[in-house]
Amino acid sequence: MEVRPDDVPAATRLVFRELGARFQIATGVDTPAAIEILYHWAFDRLGCVVTIRTKLDRKRPEIESLASLCKGAEWIEREMRELLGIEFRNHPD
């Protein structure tokens, strides 16, 4: 599913905390139109993966960090910052 950058924390709370999905990884993609982040969530009991996609402005790629909601996102957010220049607001490191 695709959501606006400002809605990613709310979507994460729903998928992770309320529905019990497991965070797998996030993928940063540099496309001609935008910087995209794909957050991959596993529903192990159902045997499926749900991906939340958001598109960031190429000139100022920034988004709220998910590390406070999901500790597992901390490392990959640092990697995307280094590789793609995405600024993760309120990232702990």
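How many salt bridges does a search of the whole structure find? The search turns up 13 of them, a salt bridge being a side-chain nitrogen of Lys or Arg within 4 Å of a carboxyl oxygen of Asp or Glu. The model is predicted, so to speak of local features takes a pLDDT of at least 70 and side-chain atom pairs count only at pLDDT 80 or more, while totals for chains, interfaces and linings use all residues. Residues are numbered from 1 along each chain as its sequence is written, and side-chain values use heavy atoms, with hydrogens and water left out.

One of these salt bridges ties Glu 2 to Arg 53, with the closest N and O atoms 2.6 Å apart. That pair links distant parts of the chain, 51 residues apart: Glu 2 sits in the segment before helix 1 (8-18) and Arg 53 in strand 3 (residues 48-56). Helices (H or I, at least four residues) and strands (E, at least two) are DSSP runs, numbered from the N terminus. Both partners are partly exposed, Glu 2 at 43% relative accessibility and Arg 53 at 30%; here buried means under 20% relative accessible area, exposed over 50%, and partly exposed in between (1.4 Å probe, protein chains only).

Arg 89 and Glu 64 make another salt bridge, at 3.6 Å from N to O. This one also links distant parts of the chain, with Arg 89 in strand 5 (residues 87-89) and Glu 64 in strand 4 (residues 62-64), 25 residues apart. Lys 71 and Glu 74 meet at 2.8 Å, N to O. As for a network, salt bridges that share partners join Glu 2, Glu 36, Arg 53 and Lys 55 into one. Back at the Lys 71 pair, Lys 71 is exposed, with a relative accessible area of 63%, whereas Glu 74 is buried at 14%.

Glu 74 belongs to helix 2, where Ala 73, Ile 76, Glu 77 and Met 80 are buried along with it. The buried residues of helix 2 pack against strand 1 (22-30), strand 2 (35-43) and strand 5. Just after the helix, Gly 85 takes a positive phi of about 75 degrees.

Now for strand 2. This strand is largely enclosed by the rest of the structure, because 9 of its 9 residues are buried. Ile 35, Ile 37, Tyr 39, Trp 41 and Phe 43 point one way, and Glu 36, Leu 38, His 40 and Ala 42 the other. Strand 2 pairs with strand 1 in the antiparallel sense over 8 bridges, and 9 bridges join strand 2 to strand 3, also antiparallel; two strands pair if DSSP finds at least two bridges between them. Thr 27 has Leu 38 as its bridge partner, and His 40 stands opposite Thr 51 in strand 3.

Beyond its neighbours within four places in sequence, Phe 23 is in contact (heavy atoms within 4.5 Å) with residues including Tyr 39, Trp 41, Ala 73 and Ile 76.
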